[in-house]
Amino acid sequence: CIRDSWERNREIVVERWDDYHGKKPHFKRQIFKVVKDPNQALNLFKKGELDEIESTPLQCATQTNDADFAKVGVKAFHPTWSYYCIGWNGIKASAKGNTFFTDRLVRRAMAHAANIPLVLKNLTYGLSKQASGIFLRGSWMHYDPVKLFPYDLDKAGALLDEAGWKVNDSDGARYKEIDGEKVKFEFTLLIPQGSTLAPGFAAIFREDLAQLGIDLKQQTMDFSALLKRIRTKDFDAFTMGWGTGVDPDTIGNIWKSDQAEKGRNYISYSNPDVDRLHALQRREFDPGKRAGFFKEMHRLIYEDQPYLFLNTGAATWAFHKRIRGVTFSPRGVFSVSPSHLDWWVSKEEKLR
């Protein structure tokens with residue numbers, strides 16, 4: 001396609017390039033409208049002014065079952081190779097000088113303190129599952145025997161005690177002596193503006209951590225500002241979503257030790273065995289053996305808990321009934337061939 005027009009924050013219009021040598025879309029023109037409010041997008045869809053939208057879990061579960069929606073559209077759902085998580089500053093001290101999450105015991109305690117079943121029930125409406133690590137269950141890279149860290153505040157408290165974070169009887173907070181200084185366990189969770197899951201999760205997590213003597217604060221930020229903070233390691237924790245590429249080799253940019261400064265290894269994770277396994281899979285042509293390397297990486301990373309793995313991703317979409325040829329993949333609707341190149345409408349619908 002070639003660009004026909006572009007109005008900033010309003011719409012982009014593209015025309016089919018008929019001289020292109022490869023496969024061309026069935027539609028001669030596509031109009032991409034910028035609608036920042038998902039509620040407004042759904043209303044426009046129900047009026048027949050949009051042919052497709054990405055819906056929120058709330059919309060998919062509760063706001064697309066009415067007669068107005070049924071007149072024009074159908075909703076679609078498909079699991080994706082993606083997950084939502086909390087990233088811990090595991091190496092470099094935060095701006096306050098605290099290194100809460102350098103200890104794997106603490107990170108595991110956080111996993112036990114997160115009431116993920118409640119989050120899934122109240123915030124994702126059953127459209128996603130609890131994430132069991134960096135790969136989705138059912139994918140060829142997933143380590144199937146992995147055991148999830150269950151929600152267990154007693155276990156979380158025991159792990160914090162073992163890590164040296166003891167409850168002070170005078171105020172009920174947890175403290176630990178670090179470099180001769182008594183440090184209180186309190187941290188800030190950075191949340192991207194517009195997130196539909198993070199605020200609700202933070203509210204649930206805050207209550208459970210308070211029972212353990214930990215004070216969770218949250219700071220909502222524009223995504224570009226948040227990204228700057230995490231790239232410079234100026235954070236305690238942040239919310240993030242990651243996806244696996246068409247080939248999982250791309251995860252090296254997130255997990256390899258040498259990517260902590262120049263790549264997307266924002267949490268400064270380092271495990272020599274993960275580095276070794278990633279190098280081995282790059283030199284292996286046998287699919288079964290290569291899958292084995294990724295499964296072992298999956299196991300090691302989940303046990304280390306450098307991220308708190310929350311829930312798996314899902315593509316939730318709404319399409320006008322006239323659109324045909326839509327297919328889903330582990331990457332969702334877009335980002336994979338043939339995607340919208342296969343979409344079409346009948347001549348009868350086109351003439352309406």
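Is Arg 299 buried, partly exposed or exposed, and at what relative accessibility? Arg 299 comes out partly exposed, at 21% relative accessibility. (Buried is under 20% relative accessible area, exposed is over 50%, and partly exposed is in between, with a 1.4 Å probe and protein chains only.)

A quick note on the ground rules: this is a predicted model, where local features need pLDDT of at least 70, side-chain atom pairs count only at pLDDT 80 or more, and totals for chains, interfaces and linings use all residues. Residues are numbered from 1 along each chain as its sequence is written, and side-chain values use heavy atoms, leaving out hydrogens and water.

**Exercise 1.** Work out how Glu 303 and Arg 299 are paired.

- Step 1: Their side chains meet in a salt bridge, 3.0 Å from N to O. (That term means a side-chain nitrogen of Lys or Arg within 4 Å of a carboxyl oxygen of Asp or Glu.)
- Step 2: Both sit in helix 11 (residues 287–304), four residues apart, about one turn of the helix. (Helices are DSSP runs of H or I, at least four residues; strands are E runs, at least two; both are numbered from the N terminus.)
- Step 3: Glu 303 is partly exposed too, at 27%.

**Exercise 2.** Characterise the salt bridge between Glu 186 and Lys 217.

- Step 1: The N to O distance is 3.2 Å.
- Step 2: This pair links distant parts of the chain, with Glu 186 in strand 9 (residues 186–192) and Lys 217 in strand 10 (residues 215–221), 31 residues apart.
- Step 3: Glu 186 is partly exposed at 24%, and Lys 217 is partly exposed at 38%.
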